[in-house]
Amino acid sequence: MKLHKRVIDDLMVAPGQKAALEDRSTSMTKTGWLGPSDKPRRGDLAEQDLEDFKQDLASAQELLYASDTYAVLVVLQALDAAGKDGTIKHVMSGVNPQGCDVVGFKQPSAEELGHDFLWRCEKVLPGRGRIGIFNRSYYEEVLVTRVHPDILTNQHLPPGAAKGKKLWHQRYQDIKAFEHHLSRNGTVFVKVFLHVSKEEQKKRLLERLDDPDKYWKFSAADVAERAYFEDYGDAYEAMISATSTAWAPWYVVPADHKYAARALVGGILSHVIDQLDLHVPEVDAERLAAIDKARATLQAE
């Protein structure tokens, strides 16, 4: 099963176009992918679709590994409580963990601050034949840092470094060049922004406070950052608009319903890998001869 191209086009921010986040629903796609909002069992339909996408991903991952030509990098960005961890858990549950790496990025360490802002992500990029997932990424340097510019004082930038809008513009350019270089060398990008509403975020944060089993998820920083919800919205709008390219487009996924968000991310990932048109590598005559010899040896035992 595949997501219809209309759904893919609906979710993708076309290169050169504005993200228009305020005009995008946080609860459904424009195409009515699961049918009318009042249709019963929408969650069941989405979960079934996700199971189908997971089967496709399992097969695609095997071909990805066998071809040893491309790496797939999933960049997952979202506000707090938008469902990044759950999306990774559910979408990737069907792939072989030996061929998949998940890296989460929190506050930079002293060592990481001693390098350029792309360094800590560059050193953990997936190799050919592998799927890598970045839970947050180098994009934090044009999001959190933009909302809290005082963070820049710890980045050891040289005297005369750009500031304000010029700095963000330079970083957008650096990111696009970085991704273009990787794309030309076989890295395929799946950049996803989980688009959650302020009301839904509040609901999920309260759930963490009301359920003892979810206390471990609570962070006072999540509540503090909520005060900057609109500022983050502006930062995401600018960042997605500036960095959605032909080689690494952004997908804005409505995330108020977890079941829908997870299925859509699975469908996007399956779609992107499918576009690579991967096949089992052809075996040359010498290897065929070795296979025949090995078979004969084993059958003779």
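1. β5 (187-195) and α10 each contribute at least two residues to the lining of the second largest pocket, where helices (H or I, at least four residues) and strands (E, at least two) are DSSP runs numbered from the N terminus. The space in this second largest pocket amounts to about 350 Å³, and α10 gives the most to its lining, with six residues. The lining has 17 residues, and those nearest the centre are Leu21, Glu22, His195, Phe229 and Gly233. By class they divide into seven nonpolar, four polar and six charged, with Ala, Val, Leu, Ile, Met, Phe, Trp, Tyr, Cys and Pro counted as nonpolar, Asp, Glu, Lys and Arg as charged, and the others, Gly among them, as polar.

2. On provenance, the model is predicted, with local features requiring pLDDT of at least 70 and side-chain atom pairs counting only at pLDDT 80 or more, whereas totals for chains, interfaces and linings use all residues. Residues are numbered from 1 along each chain as its sequence is written, and side-chain values use heavy atoms, with hydrogens and water left out.

3. Grid points are joined across faces, edges and corners, and a volume is the space filled by probe spheres set on the points.

4. The largest pocket has a volume of about 1400 Å³. Of the 45 residues in its lining, Asp80, Lys84, Lys106, Arg136 and Asp222 are the closest to the centre. At least two lining residues come from each of α3, α6 (144-147), α8 (198-210), α9 (220-226), α10 and α11, and α9 gives the most, with five residues. The class count for this lining is 16 nonpolar, ten polar and 19 charged residues.

5. Two cavities of 30 Å³ or more are counted. The largest cavity, of about 70 Å³, is lined by eleven residues, among which Met28, Thr29, Trp33, Leu34 and Arg42 lie nearest its centre; by class, the lining holds six nonpolar, four polar and one charged residues.

6. The second largest cavity has a volume of about 60 Å³, and its lining consists of Val74, Leu76, Thr87, Ile88, Val91, Met92, Ile133, Val265 and Leu269. Two or more of these residues come from each of β2 (71-78), α3 (84-91) and α11 (258-274), and α3 gives the most, with three residues. Eight of the lining residues are nonpolar, one is polar and none is charged.

7. Helix α10 (residues 229-243) also packs against helix α7 (residues 164-184), at an angle of about 45° and with the axes 10 Å apart; axes are lines fitted to C-alpha atoms, for helices over the stretch in contact, and angles run from 0 to 180 degrees between N-to-C directions. The two helices, α7 and α10, are therefore oblique to each other, since angles under 35 degrees count as roughly parallel, over 145 as roughly antiparallel, 65 to 115 as roughly perpendicular and the rest as oblique. On the α7 side the contact (heavy atoms within 4.5 Å) is made by Tyr172, Ile175, Lys176 and Glu179, and on the α10 side by Ala238, Met239, Ala242 and Thr243. These contact residues divide into five nonpolar, one polar and two charged.

Definitions and conventions. On a 1 Å grid over the protein atoms alone, a cavity is a set of points where a 1.4 Å probe fits but cannot get out, and a pocket is an open set with protein on both sides within 12 Å along at least five of seven lines; lining residues have an atom within 4 Å of a point.
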